[in-house]
Amino acid sequence: MTGELKIHQRGIMFLLKNKAGILAMAVMLGLCVTGFAQTKPGDGSPSQRLEVMRQKLETIRRSAGSSASVLRQENKDDKAAKDDKGKPDTPIARLRSIEKEASDLQSEINGIRGKLERSEKYEASEIDQLEISVADLQTRADAVLVETAAARANPESNVGKAREIKKKGKFLWIFGKGGNEEFDELIGSVTPGRDRELFIVATREVRKRNYDVGRLLFQTIITTYPDSPYLPMSKLAVADSFFLEGSTSSLIQAIASYQDWLTFFPTHALADRVVLKIGESEMRQIGLPDRDATRAKRAEVRLKALLQQYPDSALRGEADKRLLQVQDNLGLHNLLIANYYYGQSVDQKKGGLKGAQSRYREILDKYPNFSFQDEALYKLANTYLVEEETDQAARYFQRIVRDFPNSDYVEKSKEQLGLIGASIPEPNPERMKVLPPETASFFQNFKNQLFGIYPMTIDKDGVLMTNDFDKEKFELIDQIILNEGDILKNQIPNALTTVISQKQAGVQTQSVQPEQKQ
């Protein structure tokens, strides 16, 4: 355990195939639960849940809108298409309908967000119902995008050809975002080899921290090219993009997206890394021990699962380290509660003795490496003294003397053992180097308390991509592009790193570097 963490803890204590084939493949790969996997209702605060829905709806709206724009452009000289205008079951009409539904739901979400910001009353059931509606729309949107892929298909491949990028205009050169239609054309049209191009451009955008654009492009592979060799890694890259973005709402979606990927690829060579990222996504949301412990408990479950399900993983050491830190947070959470009951029962004689004993015993049973185990032992022993169960008390005092020879509670324990008339054990030589956690400085403790920081070992890189892109590094996602869709087990580093080596020469990897701003 790092000295920084120990110091902090002490401070805390101080305070394109046929339609049927495509649909079958889509169902098999779970496109109804896409890379934007559904989170459980109620996961996160109301504002976080609304932000998660907003991001999903924006992606749905842009995907449907871009696809409809491509169809409209292709059909502008088609008399039959003009005759079908107004019919609700045409591909373009279905896409426009999805786009409109997404916009309508966005308006509802904005209405509730406004109430939240103004502290106005709203019904919690409204958010629950919106989550159901968004999940239903997501399912239907994925189906429509798959079913209209044939209508948007262009049998001629544009791979290796220069594409004309049309500029978007601005009204009076003032309003509107301008830019270009590169992404609309990429998303909307379906051509052979387009999936690889999408993957490369999406990677570039994520590396430029344009996470929404990158996800939209990865998502297009998932919903439009269900037989693409890039599909599994696209789903994983979506999850990575959420993890790299790092906001609370993004981490909630990262967890769901990683879990969705694991559902379909549990034996993949990258699976253990994905489990670790789920655990770290939870860890990044853990607060101080006096706050809600839900995230810490979830992180503990994920890290234990990694150790149990992947016993030969090269990440076991990293998982063990993180598990100790998470369990220390949980131990401190229980210790604060136990100390409250302890003060009520031992110091103020108001009862609550059994509550204190229960919490202290839970700490000793569940967290054998807890940094403040000596305090839990000492106070538990005192509760038995109150009940006049001296034999039981003596056992805990003796454990302090024997196993925590450098503890501040040693002398007090020896004193109590003398009063009880129990033997005083010799210190365990193997425990002589175990030191109490250091006390944080006033400034560090103040900062931790102010910002709710609980320092932990967390790797901010994703599974496939690093958080801070370096063009000199050759990452897992570069190898996937080189392999045209997947990665071999022997190509994965035998350590927790996304970087394989220095950048390899070759035009295949040139396009994934972020473009320089001019």
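A residue is called buried when its relative accessible area is under 20%, exposed when that area is over 50%, and partly exposed in between, using a 1.4 Å probe and protein chains only. By that rule, Phe 199 and Tyr 230 are both buried.

Before going further, please note that this is a predicted model, in which local features need pLDDT of at least 70, side-chain atom pairs count only at pLDDT 80 or more, and totals for chains, interfaces and linings use all residues. Residues are numbered from 1 along each chain as its sequence is written, and side-chain values use heavy atoms, leaving out hydrogens and water.

**Aromatic rings**

A pair of aromatic rings is described by the distance of the centres and the angle of the planes. Rings of Phe, Tyr and Trp (its six-membered ring) pair if their centres lie within 6.5 Å; planes under 30 degrees apart count as stacked, over 60 as edge-to-face and the rest as tilted. The whole structure holds 10 aromatic pairs, including these two:

| Pair | Centre to centre | Angle between planes | Type |
|---|---|---|---|
| Phe 199 and Tyr 230 | 5.1 Å | 40° | tilted |
| Trp 261 and Phe 265 | 5.3 Å | 45° | tilted |

Where does Phe 199 lie in the chain? Phe 199 is in helix α8 (residues 194-207), while Tyr 230, 31 residues apart from it, is in the loop between α9 (211-224) and α10 (231-245). Helices here are DSSP runs (H or I, at least four residues), as are strands (E, at least two), numbered from the N terminus. Ring pairs also join Phe 199, Phe 218 and Tyr 230 in a cluster. As for the second pair, Trp 261 and Phe 265 are both buried.

**Charges over rings**

A charge sits over a ring if NZ of Lys or CZ of Arg is within 6 Å of the ring centre and within 35 degrees of the ring normal. Lys 379 does this over Tyr 342, 5.5 Å from the ring centre, and Arg 431 has its charged end over Phe 404, 4.9 Å from the centre of that ring.

**Two packed helices**

The axes of α10 and helix α11 (residues 248-264) are 7 Å apart, at an angle of about 160°. Such axes are lines fitted to C-alpha atoms, for helices over the stretch in contact, with angles from 0 to 180 degrees between N-to-C directions. Angles under 35 degrees count as roughly parallel, over 145 as roughly antiparallel, 65 to 115 as roughly perpendicular and the rest as oblique. Therefore α10 and α11 are roughly antiparallel.
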